[in-house]
Amino acid sequence: MNELAAEVAYLHKAVFCRQKLDDAIVERYELAHRSLLIEAPSEEQRTVRMVVEQKLDVLAVEFALRRRRTTQHHLLTMKLQILFYLVEVRSHYFRSFFNLSSHPIKGTFALMGSIILSIWRAVKGFYLVWRYRFA
Amino acid sequence: MRDAIVVGSGPAGTFAALGLAGKDVLVLDVGRVDSGEQTLDTNLYELRQTKPDLFSELIGKNFESLYNLRGENLSLKLKAPRTSFIVRGWKELSPVVSTNFNVTMSFAQGGLANAWGAGAYRYDHHDLRNFPISALELEPFYKNVTRRIGVAGTADDLQQFFGSMDDVLEPLRLSEPASQILDLYNRHKEWFHNQSIYIGRTRLAVLTRNFRNRNPYQYDNLEFFKPYNPAIYNPVFTLREMIREGSIDYRSELLVTSFREITDGVVVEVRNLRTGSAEQFKCRKLFLGAGAINTAKIVLQSANDYQTRLPLLDNPISCLPILSPRRIGSALDPLDGSLGQLNLVYEQPGTGERIQATLYGTTGPLRTDVLFDLPISLDASLIWSRYLLPAVSLVMIFFPASEGQNKSLQLTESGALNIDGEITVDYVPVEEMLVRAFRHLGFLCHRALCYRPQIGSGLHYAGTLPMKECPALYQTDRDGRLSGTRNIFVVDAACFPWLPAKNHTLTIMANALRIGTRQRMDLQ
């Protein structure tokens, strides 16, 4: 498995752990890199490599890096954005993005949970960014 | 020698050509078109659940939908694989240098109107107060345009701002959130009217029944992905009708660079984009409808003027998200599409200046276009996507733009346009008022959540060659005639002396038709 394939497998598992990653997404992920991310800053590339190799919490690191940035997204965010675009257009992932029946109570609790989840990711993310000196 | 040459095929060029019908009219255009195969044929959300893979249709083989990943800020409606033709190659054809103006141009057949929101509003006497023409003069042309394009709407509290209901088609079905807002507004009308706020249905150039061989809107929610929807008016429909009927001669792949007046007419200089060679055309009258920025560029190039700075207007925008607590956890509403559902007009105390806002749903673009802007982690953002976004509507607030706001453009010797200048917009009192209004209806919102895109993002460019009663250099008279010329007419929004807080496309069409019609009579 090449580096990008291993990377997308890790990112995919972190976000869409219940779904099986299929080959078309891997192939398109690689193609997207060739056409969009040719000149990525080397420090940011190192950050992504470290996150994957050390099996760090990618959602926490990404959130911390995104909150730190005011202009263009970090390479890790862009890679996750590519993955999100690629999965969103497949029917298999439709329910990850949309709710097809009304669940007001479940929805309210899920939203409260999402705030706690985000705070946890932020704390962990800022710690990891500091601990590994991610740029 | 032709009777008339029209430059551009957007709303201005098309309706000027229509006004000139019966004369020997040549339309010169770059004229990019979409030639892709039409595969999106039913509701977007039905397709997204039933078709296993929509990569080609929604992302594109060249990853067109990922355009903004490069850090650019292209309107979401212009980056899909089938809509990207609208802006293809504009930077090469008309380069712009600017750090504080988010410019986007189109060299497509039909221009930026290929992706317009279809808001069709008449300018009334209040909106035309800085124009040397009256609402009465425009009235017959508004009627003519309305009969031709098809406008849906209804008689409600906004009729006083949007004008006559003559020939207006029945309105579109409202989404659930919009219906809820309208119901609540009707119950709290007195409070709203005391604040000088009025809410009603959006007037849209969208068909709700068969009309001039075009089918009605199918609520397919494909506006971000599919061009040339016959239900949503596009100047291309009228242009192609005129070409078919033989009432105009249309030539594409031609970029007009300059003009010069001669004794009996005008010589138009053109670059042929197929061959790279220069060509010339002659006519008795020239009509410039290349868009406010490009028309100004052609005029400056014709004068070899690299010194003058011309004014440039665009409606400043602020986007206010509002949340309906009772819709948290609601199911996806496929009707909650990307067309404007409701309009709000706010007459500011003291100045009486009108602010207009349009209410949109959140189901138009891909979710990924939005999720990375949320201030939460990505796993949390997927939860928001499912349970929170169905409860969110976006209120797009448009502010008027006037000459005093000092954005300007200048032609540089390299051929690029330099657009510069700061503008001051008093967003806060309006945002605060609208936050109060929606809270009064039980919505959750906060001014801190307002997003203000860079000036230029409104895509309502205007005012570069303003129309005046007594025009000075680089201004136009009430007929659109460029000052100091005999036979050069500006028919697009370049001749608007200011921009009310309304989409100006319907007025561009009506004004271009007015100018074309007057000059047709002059050509007889």
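B:Ser377 is found in the loop between helix H11 (368-371) and helix H12 (378-387) of chain B, where helices (H or I, at least four residues) and strands (E, at least two) are DSSP runs numbered from the N terminus. At 0% relative accessibility B:Ser377 counts as buried, because buried means under 20% relative accessible area, exposed over 50% and partly exposed in between (1.4 Å probe, protein chains only). Apart from its neighbours within four places in sequence, B:Ser377 is in contact with A:Phe63, A:Arg66, A:Leu117, A:Ser118 and A:Arg121; contact means heavy atoms within 4.5 Å.

This is a predicted model, in which local features need pLDDT of at least 70 and side-chain atom pairs count only at pLDDT 80 or more, while totals for chains, interfaces and linings use all residues. Side-chain values use heavy atoms, with hydrogens and water left out; residues are numbered from 1 along each chain as its sequence is written, and chains are lettered from A and ligands numbered from 1 in the order in which they are written.

**Confidence**

- Chain B has a mean pLDDT of 94, and 99% of its residues reach 70 or more; pLDDT is the predictor's confidence in each residue, from 0 to 100.
- The model scores ipTM 0.96 and pTM 0.94.

**Interface of chains A and B**

- Contacts link 42 residues of chain B with 47 residues of chain A.
- About 4200 Å² is buried between the two chains, and carbon and sulfur atoms give 65% of that area; buried area is the accessible area (1.4 Å probe) that two parts lose on being put together, summed over both.
- On the chain B side, B:Leu69, B:Phe372 and B:Tyr387 lose the most area to chain A, together 17% of what that side buries.

- An open sheet of chain B has four strands in the order E3-E16-E15-E9, with mixed pairing; two strands pair if DSSP finds at least two bridges between them.
- Strand E3 (96-97) and strand E9 (310-311) of chain B stand at the edges with a single partner strand each, so one side of each has no neighbour in the sheet.
- E3(B) pairs with strand E16 (residues 417-420) of chain B in the parallel sense over two bridges, and B:Val96 stands opposite B:Leu417 in E16(B).
- B:Asn100 lies in the loop between E3 and helix H5 (135-149) of chain B and is buried, with a relative accessible area of 13%.
- Beyond its neighbours within four places in sequence, the contacts of B:Asn100 include B:Ile419 and B:Asp420, as well as B:Lys407 and B:Gln454.

- Five of the five residues of E4(B) are buried.
- E4(B) runs antiparallel to strand E11 (residues 342-347) of chain B, joined by five bridges, and B:Ile199 stands opposite B:Leu344 in E11(B).
- B:Thr208 lies in the loop between strand E4 (197-201) and helix H9 (235-245) of chain B.
- A polar atom of the B:Thr208 side chain lies 2.6 Å from the backbone oxygen of B:Glu170.
- Leaving aside neighbours within four places in sequence, B:Thr208 is in contact with residues including B:Ala152, B:Leu169, B:Glu170 and B:Pro216.
- B:Thr208 and B:Leu20 are 188 residues apart in sequence and 30 Å apart in space, C-alpha to C-alpha.

**Helix H14**

- The 19 residues of helix H14 (residues 505-523) of chain B should span 27 Å at 1.5 Å a residue, which agrees with the 27 Å between its end C-alpha atoms; the expected span is 1.5 Å times one less than the number of residues.
- H14(B) is mostly covered, with 15 of its 19 residues buried.

Terms used. A polar contact is a pair of N or O atoms within 3.5 Å; within protein, one must be able to donate a hydrogen and the other to accept it, and residues adjacent in sequence count only if both atoms are side-chain atoms.
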